[in-house]
Amino acid sequence: MARDKRQTRLPAPFLKRLTLVEDKIAGKTGYPFDLPWLRDDSFDLRFSTPVTILIGENGTGKSTLVEAIAALCGFDEAGGGKGYRPVDHERALDRSGAALADVLRGAWLPKVTTGWFFKAETFFSVARYLDVAALDDPMSGPPPDFLSWSHGEGFVRFFEERMSRQGIYFMDEPESALSPKRQLELLRILHGIQERAAAQVIMATHSPILMALPGARLLEITRHGIDEVNYQDTEHFRLYWTFTSDPDRFIADALGEDGEVGL
Ligand SMILES: Nc1ncnc2c1ncn2[C@@H]1O[C@H](COP(=O)(O)OP(=O)(O)OP(=O)(O)O)[C@@H](O)[C@H]1O
């Protein structure tokens with residue numbers, strides 16, 4: 001009889017809640033501890049759906065938060081699976097949000113240990129690492145060879161293969177390599193995850209297509225905090241809506257003296 005590889009029969013989300021450990025953050029200054037939504041004493045993030053989507057303007061801290069939660073779950077800040085260190089960032093000047101993981105506490109039911117942290121900018125290194133690891137392991141099957149596909153095709157194949165398994169998955173702006181049509185393919189994969197509730201996804205995105213995923217919880221990060229929002233009320237959606245309703249006028253307004261597009 002085939003062995004059930006699942007760690008639990010309970011449905012996602014597995015990570016239910018994220019809070020700050022006040023004692024640990026006290027006295028810490030500078031990035032990432034100075035992000036405004038961390039400093040208002042009300043940081044308490046609940047996860048109630050298999051897919052949670054983080055949105056917000058550039059620089060509001062989405063990547064930092066995704067990196068921090070991924071690090072809390074044991075994933076390297078450069079992306080990849082548990083225990084993978086495909087990207088050498090020892091000498092990098094850039095410090096990531098992983099430092100934030102030290103002051104966060106997660107509540108799980110149950111704690112799952114499998115999953116993946118997907119980052120577009122390190123996908124190449126991760127994919128190459130997977131090929132080398134498969135070639136080095138005589139017991140492994142053939143290398144997955146995600147790099148022999150176009151960037152966007154490789155991404156989608158990777159998502160299809162990895163995210164069919166139980167686990168917790170982090171994605172930071174996965175749309176950056178995807179055409180609108182490929183974003184629809186990712187939307188279908190995410191829809192399956194949302195429906196089956198066998199995996200949890202926490203994703204930061206600017207894509208109005210991805211943020212429209214039915215049933216997903218959409219959280220907007222602003223200077224004032226992190227709040228649930230309906231995708232049709234987001235600035236991203238309204239901006240694209242205004243553009244497609246009257247592209248000529250939209251572009252004329254955007255290129256006008258004050259750059260106001262009248263959302
Ligand atoms: N390594 C770093 N050192 C210092 N400040 C940083 C670092 N990384 C990010 N920041 C700052 O923290 C803030 C949040 O950055 P972050 O990349 O998390 O935002 P974001 O919402 O993901 O933005 P985007 O939508 O552009 O990806 C920004 O103001 C950024 O300048």
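**Confidence.** I began with pLDDT, the predictor's confidence in each residue, which runs from 0 to 100. The mean for the protein is 85, and 85% of its residues reach 70 or more. I found the highest confidence in β3, at 98, and the lowest in helix α3 (residues 123–136), at a mean of 69. Where pLDDT is low, the predicted coordinates should not be read in detail. For the complex, the predictor gives an ipTM of 0.96 and a pTM of 0.88.

**Ground rules.** This is a predicted model, where local features need pLDDT of at least 70 and side-chain atom pairs count only at pLDDT 80 or more, while totals for chains, interfaces and linings use all residues. Residues are numbered from 1 along each chain as its sequence is written.

**Overall.** I noted seven helices and nine strands in the protein; these are DSSP runs numbered from the N terminus, with helices being H or I of at least four residues and strands E of at least two. Next came burial: a residue is buried with 20 or more other C-beta atoms within 10 Å of its own, exposed with 12 or fewer, and partly exposed in between, with C-beta atoms placed from the backbone. By that count, 34% of the 263 residues are buried. For contacts, I used C-beta atoms, placed from the backbone, that lie within 7 Å. Of the contacts with a separation of 6 or more, 74% are between residues 24 or more positions apart.

**Six-stranded sheet.** I traced an open sheet in the order β5-β6-β7-β3-β8-β9, with mixed pairing; two strands pair if DSSP finds at least two bridges between them. β5 (115–119) and β9 (225–228) each have a single partner strand, so one side of each lacks a neighbour in the sheet. Neighbouring strands here are turned by 15° against each other on average, direction ignored, with axes being lines fitted to C-alpha atoms and angles running from 0 to 180 degrees between N-to-C directions. Strands β3 (residues 51–55) and β8 (residues 217–222) run parallel and are joined by four bridges. Leucine 54 stands opposite leucine 219 in β8.

**Three-stranded sheet.** I then followed a second open sheet, in the order β2-β1-β4, with antiparallel pairing. Its edges are β2 (44–46) and β4 (104–108), each with a single partner strand, so one side of each is left without a neighbour in the sheet. Five bridges pair β1 (residues 15–20) with β4, and leucine 20 has leucine 104 in β4 as its bridge partner.

**Helix α5.** Which residues of α5 are buried? I listed Leu186, Leu190 and Ile193. Seen down the axis of α5, they fall within an arc of 50° (taken from the directions from the helix axis to the C-beta atoms), so they line one face of the helix. The face turned away from that buried side carries the exposed residues Pro180, Lys181 and Glu195. Alanine 197 follows α5 and has a positive phi, near 55°.

**Alanine 216.** I found this residue in the loop between β7 (199–204) and β8. Is alanine 216 buried or exposed? It counts as buried because it has 21 C-beta neighbours inside 10 Å. Leaving aside neighbours within four places in sequence, alanine 216 is in contact with Thr49, Val51, Thr52, Ile53 and Gln194.

Definitions and conventions:
Two residues are in contact if their C-beta atoms, placed from the backbone, lie within 7 Å.
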